[in-house]
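Please look over the sequence and the model shown here.

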Amino acid sequence: MIKKLTENELSLIKKNLTKIKNQLYKDRALYHRVCISIFEKWLNADECERIYETNPSILSDWRGRLENVINEFYNLTPIYLWRHKNNYRIVFHKPKNLKHLHKKCNIRNQTWSSGQRYDLLMPEYSAVYSEEFDWTTIIWYNDFEKIQPLLELVRKSGLHILP
């Protein structure tokens, strides 16, 4: 069962995540972005090909880092999820608990080519944390100063902020 949001929670989302429907559905570039990766730099084509040959224990470590940053975000601030209904209607909801959030993100089954499975809304920081491809995630934000605690948690989790 999906946890309904209070009027205050809905108001916070609308106030701090302006144009969120368009940002999620149509134009990601409405917000600024910071790319976060398992790797210290952007990979070239040869390096991307070598991901296929990666040792399962290394893959597990990568997944663990991505899972850890989600744990840190969950412990720091209320997180909201979304799903669409017919006619491009969006319904926001809260994960029941951390286990429910992990199930939604499904990081333990993530591969280099998976992406766009989850968006974690963090209205307190005017930010959305999204899965992308090639072991990269993105923090979409409106105010760079507000996301500094999030970036600190990213570094603490062993992930890298790419230029």
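## Two residues with positive phi

Asparagine 106 is found in the loop that runs between H5 and E4. The model is a predicted one, and in it the phi of asparagine 106 is near 55°, a positive value in a residue other than glycine. Its relative accessibility is 26%, so asparagine 106 counts as partly exposed, the cut-offs being under 20% for buried and over 50% for exposed.

Lysine 19 also has a positive phi, of about 55°, and is not a glycine. This lysine sits in the loop between H1 and helix H2 (20-25). With a relative accessible area of 57%, lysine 19 is exposed. As background, most residues other than glycine have a negative phi.

## Overall fold

The protein chain contains six helices and seven strands. Read from the N terminus, the order of these elements is α-α-β-α-α-β-β-α-β-β-β-α-β. The radius of gyration of the protein chain is 16 Å, close to the 15 Å given by the globule rule for 163 residues, so the chain is as compact as a globular protein of that length. The C-alpha trace spans about 50 × 35 × 30 Å along its principal axes.

Of the contacts between residues at least 6 apart in sequence, 62% join residues at least 24 apart. Lysine 14 belongs to helix H1 (residues 7-16) and, at a relative accessible area of 62%, is exposed.

## Surface and charge

The protein chain has an accessible surface of about 9200 Å², and carbon and sulfur atoms account for 51% of that area. Buried residues make up 44% of the 163 residues.

In soluble globular proteins, nonpolar side chains tend to be buried together. Here the largest nonpolar core has 31 residues, and those with the most contacts inside it are Ile70, Phe73, Leu120, Tyr129 and Ile139. At least two residues of this core come from each of these elements: strand E1 (32-37), helix H4 (56-76), helix H5 (98-105), strand E4 (119-122), strand E5 (127-131), strand E6 (136-141) and helix H6 (148-156). The most is given by H4, which supplies six residues.

Which residues does isoleucine 70 touch, not counting those up to four places away in sequence? They are Leu101, Cys105, Ile107, Tyr118, Leu120 and Tyr129. There is also a second, separate core, with 16 residues, including Leu5, Cys35, Ile90 and Leu162.

Is glutamate 72 buried or exposed? Its relative accessibility is 17%, so glutamate 72 counts as buried, since the limit for a buried residue is under 20%. Glutamate 72 is located in helix H4. Leaving aside residues up to four places away in sequence, glutamate 72 touches Leu153, Lys156 and Ser157.

Notes
Residues are numbered from 1 along each chain as its sequence is written. This is a predicted model: local features need pLDDT of at least 70, side-chain atom pairs count only at pLDDT 80 or more; totals for chains, interfaces and linings use all residues. Side-chain values use heavy atoms; hydrogens and water are left out. Helices (H or I, at least four residues) and strands (E, at least two) are DSSP runs, numbered from the N terminus. The radius of gyration is taken over C-alpha atoms; the globule rule is 2.2 Å times the number of residues to the power 0.38. Buried means under 20% relative accessible area, exposed over 50%, partly exposed in between (1.4 Å probe, protein chains only). Contact means heavy atoms within 4.5 Å. Accessible areas come from the Shrake-Rupley method with a 1.4 Å probe; for residues, only the protein chains shown count as cover. A nonpolar core is a set of buried Ala, Val, Leu, Ile, Met, Phe, Trp, Tyr and Cys residues joined through side-chain atoms within 4.5 Å.
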